[in-house]
Amino acid sequence: MSELIQLGSHNERPMPPKADELNLRFSEQAIKELEGLKTHYPNLKACILPGLWIAQREYGGFLDGDAIAEVAHRLSRSYAEVQGVATFYSMYNTVHNPGKHKIEVCTCLSCHFNSAYRIRDYVSKKLGIKNGETTADGMFMLEEVECLNACDRAPVVQVGDRYFGPVDEKSIDALLEELRASEESTVVKMADQIVQVQLKAEERVGTIR
Amino acid sequence: MAEYKLLLKHSDDPATQTLAGYKKAGGYSGLAKALKMERQAVIDEVKTSGLRGRGGAGFPSWIKWNGLPKEKVKPHYVLCNADEGEPGTFKDKMLMETAPFQLIEGMTIAGFAVQGDVGYIYIRGEFIDAAKALRKAIDEAYANNLLGKNILGTDFSYDLHIHLGAGSYECGEESALMSSLMGERGMPRLKFPHAPLPTVSGVWERPTLINNVESYSCVPHIIDKGGEWYATLGASTKNSRGTKIFSVSGHVNKPGNYEIEFGTPLKELLEMAGGVKGGKLKACIPGGSSMPVIKPDAVDVAIIGYEEMGEVKSMVGSGGCMFFNEHTDIVMLAWRTAHFYANESCGKCTPCREGTRWMVQIMDRIVAGNGQKGDMELLTEVANNVEGRSFCALGDAAAWPIKAFIRQFPEEFEYWIEHGKSPVTSKEALALVP
Ligand SMILES: Cc1cc2nc3c(=O)[nH]c(=O)nc-3n(C[C@H](O)[C@H](O)[C@H](O)COP(=O)(O)O)c2cc1C
Ligand code: FES
């Protein structure tokens, strides 16, 4: 089977918690934000995507069974429905915990013919992980992605809310170094920023950085 | 012909990312003018302009605008398709990041013309910078009575929200985008004539207008300077008016976005982008990965226009123009394209779900050196059976390029199948083999 379509081990797929074990973890801020987002749409179902972004931040970057159950609970939807939606989209981390930083290497057309596979293999070798895996220390995940639509900067790498390109071995070294030294998880930051930009000025609790 | 900066005019001046700067550069005069016009007159102006959708299909925009009920019984929605995902395209990203007010003004004029109540900009999740720029601009527009209740003292009220996607090419397809906005998996819906048009029953079964970022961004100029003026741009073509932004990438010296008037020769676009780097030109995909590949002799004669590109058997598409040099292995290009569509097929329709996977399997075995005689015919046959047989055009988009690669470069496929290795053996090419 193609490496590109690899989805990870299904044994790790999170399971729903039992009804009496619902473990709500949204912060005050998250609850306020969800209330704000609810006013944007005519029904609660439409809040599933924005709600999952909040959850991805609140649960440290990984939508485990508890996270899915909490979104379902807060929006009066079923667990199965929310999980079905979450697993469709590649930016929701539903298969395993991605770790602190997701290194997304574009290998699509323009990047492919501007050495993207060399970059992917370099990151892979350097971190000792294959596409879709996370390092043992939980620091980095490597993911091959489709066109990031910044082909003028091919080959392109995205980490959280930042685009890098054109990258080479040297800039990858510097990037990994910088990420290793930083306190913040770029996976969580990305989810937070996505929540913030969807909120109007008067609804916003956090900040756009 | 040279670049013609109409939409990208503001992009050169960061000052226009503030409301004051945008107004100083002539912004919001279109909206002020529109609000004094009859709604139908605004739609007629768009009709006169000859504007066609810039998202890929080139459908006349005014027909959609005119399709929403004039007697309003339910809320009307205005959607902006900012899910730019077509490989090779990066114009919407730039328009949002560098000219956010232009898009907001265009969507507000559209909202006025079709009696819209709420607008949503559906941005792909990766485009956080674009979303931030738009957020800042929307907040400022609200604070200055350019959005919200009673815009500029009229009785027109209009809300505008940003909605982020979460990683799916398919959500750029309009009916899938609506599914996604409603909180579902991003899968397409049955289309007209089997189901009502979105303009009658779209998102939440209510009348919906959906256009691309670039399409809306044209609107302030059309209203401000008049549809007749706009239609003088590109008048040399059969039926393409105005300007079009092309995102040029691949093996060129100066990749980037170039706005040109319709009627410009494709060759000149290549010149603007600094010509081919690293060798002679071998192939060009003029309109994003879904569009058929063409050879250098066609690049030499092609004129950019919706009908004109048809003469060289390709299409304008979304304007994601990729040039490839002589060290490019076309079979590898086809292989990667096949993988893209298989990865992004949403899985709803059997021909597309199974067909894209099947094409991947054949391509995989060819590039693994195990190609079999008849694989080219088989690929074409599978592609033919995917094309036109799915709810949305992703199936077509997967079939067209594969068929074109085989049609234009049969000798390269034959070589791979016969020898089990690439016909391109230069050092440069070997460095690119995954
Ligand atoms: C698979 C697929 C992906 C698409 N992706 C996009 C996209 O990313 N952006 C876009 O504007 N249109 C995209 N379209 C086209 C839309 O369905 C639709 O034609 C467009 O939003 C209409 O806007 P326009 O009339 O302004 O072009 C896509 C179509 C298909 C079939
Ligand atoms: S191909 Fe990599 S950003 Fe488009």
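# Notebook: a look through chains A and B

**Entry 1. Chain A, overall.** I started with contacts in chain A: of those with a separation of 6 or more, 64% are between residues 24 or more positions apart. I note at the outset that this is a predicted model. Next I counted elements, and chain A has 8 helices and 4 strands. Reading along the sequence, I wrote down the pattern α-α-α-α-β-α-α-β-β-β-α-α for chain A.

Then I turned to its dimensions. The C-alpha trace of chain A spans about 50 × 40 × 30 Å along its principal axes. I looked up the radius of gyration too: chain A has 18 Å, which agrees with the value near 17 Å that a compact globule of 209 residues would have. As for burial, 48% of the 209 residues in chain A are buried.

**Entry 2. The sheet of chain A.** In which order do the strands of the open sheet in chain A lie? I found β2-β1-β3-β4, an open sheet of 4 strands with mixed pairing. The edges are held by β2 (140–145) and β4 (162–164) of chain A; each has a single partner strand, so one side of each is left without a neighbour in the sheet. From one strand to the next, the twist averages 25 degrees.

I then followed one pair. Strand β1 of chain A, residues 101–106, runs parallel to β2(A), and 6 bridges join the two.

Is β2(A) mostly covered or mostly open? I checked its residues, and 5 of the 6 in β2(A) are buried, so I noted this edge strand as mostly covered.

**Entry 3. Where the chains meet.** I moved on to the contact between the chains: 43 residues of chain A are in contact with 54 residues of chain B. On the chain A side, α2 (48–58), α4 (79–88), α5 (109–112), α6 and α8 (186–198) each supply at least two residues. Which element gives the largest share of that side? It is α8(A), with 5 residues. Sorted by class, the side of chain A that touches chain B has 26 nonpolar, 11 polar and 6 charged residues.

**Entry 4. Chain B, overall.** For chain B I counted 18 helices and 8 strands. Its radius of gyration is 22 Å, close to the 22 Å that the globule rule gives for 434 residues, so chain B is as compact as a globular protein of that length. Taken along the principal axes, the C-alpha atoms of chain B fill a box of roughly 75 × 45 × 35 Å. Buried residues come to 61% of the 434 in chain B. Among contacts in chain B between residues at least 6 apart in sequence, 73% join residues at least 24 apart.

**Entry 5. A sheet in chain B.** Here I found an open sheet of 4 strands, in the order β6-β5-β8-β7 and with mixed pairing. The edge strands are β6 (256–261) and β7 (281–285) of chain B, each pairing on one side only. Neighbouring strands of this sheet are turned by 30 degrees against each other on average, direction ignored. I picked out the pair of β7(B) and β8 (residues 320–325) of chain B, which run antiparallel and are joined by 4 bridges. Within that pair, B:Leu281 stands opposite B:Asn325 in β8(B).

**Entry 6. The core.** The largest nonpolar core has 202 residues, and B:Leu79, B:Ala110 and B:Leu269 have the most contacts inside it. Helix α13 of chain B, residues 330–344, gives the most to this core, with 10 residues. I listed what B:Leu79 touches beyond four places in sequence; among them are B:Tyr120, B:Tyr122, B:Leu177 and B:Val203.

**Entry 7. One serine.** My last stop was B:Ser49, in helix α3 (residues 39–49) of chain B. Is B:Ser49 buried or exposed? It has 25 other C-beta atoms within 10 Å, and 20 or more count as buried, so B:Ser49 is buried. Leaving aside neighbours within four places in sequence, B:Ser49 has contacts including B:Ile222, B:Gly227, B:Tyr230 and B:Arg241. By comparison, I looked up B:Lys24, 25 residues apart from B:Ser49 along the chain: their C-alpha atoms are separated by 25 Å.

Notes: Residues are numbered from 1 along each chain as its sequence is written. Chains are lettered from A and ligands numbered from 1 in the order in which they are written. This is a predicted model: local features need pLDDT of at least 70, side-chain atom pairs count only at pLDDT 80 or more; totals for chains, interfaces and linings use all residues. Two strands pair if DSSP finds at least two bridges between them. Axes are lines fitted to C-alpha atoms, for helices over the stretch in contact, and angles run from 0 to 180 degrees between N-to-C directions. Two residues are in contact if their C-beta atoms, placed from the backbone, lie within 7 Å. Ala, Val, Leu, Ile, Met, Phe, Trp, Tyr, Cys and Pro count as nonpolar, Asp, Glu, Lys and Arg as charged, and the others, Gly among them, as polar. The radius of gyration is taken over C-alpha atoms; the globule rule is 2.2 Å times the number of residues to the power 0.38. A residue is buried if 20 or more other C-beta atoms lie within 10 Å of its own, exposed if 12 or fewer, and partly exposed in between; C-beta atoms are placed from the backbone. A nonpolar core is a set of buried Ala, Val, Leu, Ile, Met, Phe, Trp, Tyr and Cys residues joined through C-beta atoms within 7 Å.
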